Amino acid sequence: MGYAHVSLMLVILIQASFYVLLGMGYVLIYRATRVLNLAHGDLMVFGAFLFYQGLVITSGSVPLAITTGILGAALTGAIVYLGLMRPLAGYPVAVGVLATIALAIVLRSVTTAIWSGQTRYPAEYIGQLARPIELVSGLSISAIDAVIVLTALICILGLPLLLRRSAIGVEMRGVSENALLAAQRGINIHSVNALSWAAATVMAAIAGIFFSLKVRLGPDIWYVGLAGFAPALIGGMDSLRGVAIGALIVATAEVLAARFIAPQIALAAPFLVLLVALWIRPWGLFGSREELERI
Amino acid sequence: MRYLNVLPSTLRTSYAREMQLLDSGFAKFWAALGLVLMLGLPFFLTNFWNAVANQIFIAILGALALNLLMGTTGQISLGHAGFIAAGAFTVAAFVTHFNAPMVITLPAALIVGVVLGILVGLPALRLKGLYLAVSTLAAHFVIIAGLAQYQASISYGAGFIISPPSLLGWELGSERAWYYFLLGVALIVLLLHINWLRSAFGRAWMAIHHRDIAAEALGIRVAQYKLLAFSASTALTCFAGALWAYHTGFVSVEAFDIHMLIQFLAMVIIGGLGSVLGAILGAVFVILLPHVITFATEALPFVNDIGGRAFEIQVGLFGVIMLLFLAFEPRGLAGIWARIRFYFELWPFKYRSWEA
């Protein structure tokens, strides 16, 4: 295997890491409130812009800017749940989906109204991002890419552990499995759900921060965030570990399509793979079959 | 006009009367007056507002199609901007490659719509709710990407210019000619639509909406009728897309982005899901809203500084209004209309007795 292949695999790995961060957000929200959050891409953009604003205000202090982005995203996620999704609980599935679409365009217009549609490059505030780290001789990965892959790895390993072992994780699982019973046992389901939304929004914001540092920042990158529902569905909407596999599949299809077919097709690749997956195995690779309302 | 109403309010004494579209002198009078007003309207409109009226007619076709699927059959679709695009590109392709006239392109768009509807509807036989929404949204992105690829390869990404068509010797060159053409098309489609809804098709679709398992048990072939609903809806949507292409005169893939999808969703939600009148009101509302906003920003001096952000504000307002309707008035404008009507019909009483 030549270096060309290995570097192509690295590109796939980095893209898959993005999808892991995004897809896990979809899964967290779906497990909490049984809603497919089509506003995820715009929540991602919003978080990334908060980070950018932090950078501008502190004139380049990365820790402060990241704190701004994460805290702001957590707050936004909780507000969205408490202000919008909680009142709509118990409505038909379609209403939830439509509400998140409406939320998405409200968020997008707010973002554009505040920061304008101009494309920014937050990486300008931080030097040394593209500094290559040599893995073996002749093969290197940039610093930001290394951070992206590491973060995704931490999420893949850490999040299931957190859900399995920690008290709050157990509460989250309880609410996801049977909200009524969980409430009976004294779990405050609304604060648990708000926490799920906040966590998912924070993960979206982190993905957005990475994307804005690596590529660019603008209101139009919501598309990247929206594509994250493809790995989530392929893996199974209620399965965290499924996301990792789904992300690898989608990233492979996307990168290979971009390399060998056409960039336009690469943009649609996640959705094409998703269509095929939905046709063959609608409940996803690791999802539970009962999740799917069948006829 | 019973099917334009949300609630029937006249007591009927025979089946023949029940089947009449306009069942009272009152309804006939208002329908005739409405038709005369619609026919006379272009003489009072400037060219600009005439064009807006034409956009409303095309939007009504799209909204009716989406309402047929989402409101009547209860199958959520997020792919309708893609279907509009497919219709528009059918026209673009036929005109570019074969220089085909309208009598060929419009039926072609219908056929493309039927095929697309079956393709997109097939997953609906296995999927419900959320998963169907996702698969139609995925279909939207795949269609748009494919069309973008086509556009890039044929016209180097510049888009397609479509000259004003003529239909059987009738040149559709001016907005006024378009107005009468589209008014006729909209009336025919509306009549067809209402008649579908009160035939066996409509009853089957509504049964599937309410409970598909029960519908199957009653002997309705759920798979067949779902596919039928999908293909009828996408065919009508592609048809609207084809008219859109001719009326706009320019087809480019950028026009069919997620905003168009949101506009159509807003039409059926704000209008009221499942109501024909709602689809019409929703289309009028959604097309007029940007103009009302522009008008308001020009009339009110203290909001002048939003000038450059009018588009964002308009899109954001769509979202806010959609959310408000979803949360507080799920029956939409049609529901509000029914309530107003009821108030006057029952006056001086407040409630109708349980069995009227």
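Student: How many residues of domain 1 of chain B are in contact with domain 2 of chain B, and how many of domain 2 are involved?

Tutor: This is a predicted model, in which local features need pLDDT of at least 70, side-chain atom pairs count only at pLDDT 80 or more, and totals for chains, interfaces and linings use all residues. Residues are numbered from 1 along each chain as its sequence is written, chains are lettered from A in the order in which they are written, and side-chain values use heavy atoms, with hydrogens and water left out. Domain 1 covers 46-255 and domain 2 covers 257-356 of chain B, bounds that come from an automatic or database domain assignment. With contact taken as heavy atoms within 4.5 Å, the counts are 31 residues of domain 1 and 20 residues of domain 2.

Student: What area is buried between domain 1 and domain 2 of chain B?

Tutor: Buried area is the accessible area (1.4 Å probe) that two parts lose on being put together, summed over both. Carbon and sulfur atoms give 83% of the area between these two domains of chain B. The total is about 2,000 Å².

Student: Which residues of chain A does L78(B) touch?

Tutor: Residues up to four places away in sequence are not counted here. Within chain B, the partners of L78(B) include A133(B), H140(B) and L265(B). From chain A, L78(B) touches L38(A), V97(A), L98(A) and I101(A).

Student: Is N99(B), which has a positive phi, buried or exposed?

Tutor: Phi of N99(B) is near 55°, although the residue is not a glycine. N99(B) lies in the loop between α4 (80-98) and α5 (102-121) of chain B, where helices are DSSP runs (H or I, at least four residues) numbered from the N terminus. Because its relative accessible area is 63%, N99(B) is exposed.

Student: How many disulfides does a search of the whole structure find?

Tutor: A disulfide is a pair of cysteine sulfur atoms within 2.5 Å. The search covers all chains, and the number found is 0.

How values were computed. Helix = DSSP H or I, 4+ residues; strand = E, 2+ residues; numbered from the N terminus. Buried < 20%, exposed > 50% of the residue type's maximum accessible area, 1.4 Å probe, protein only.
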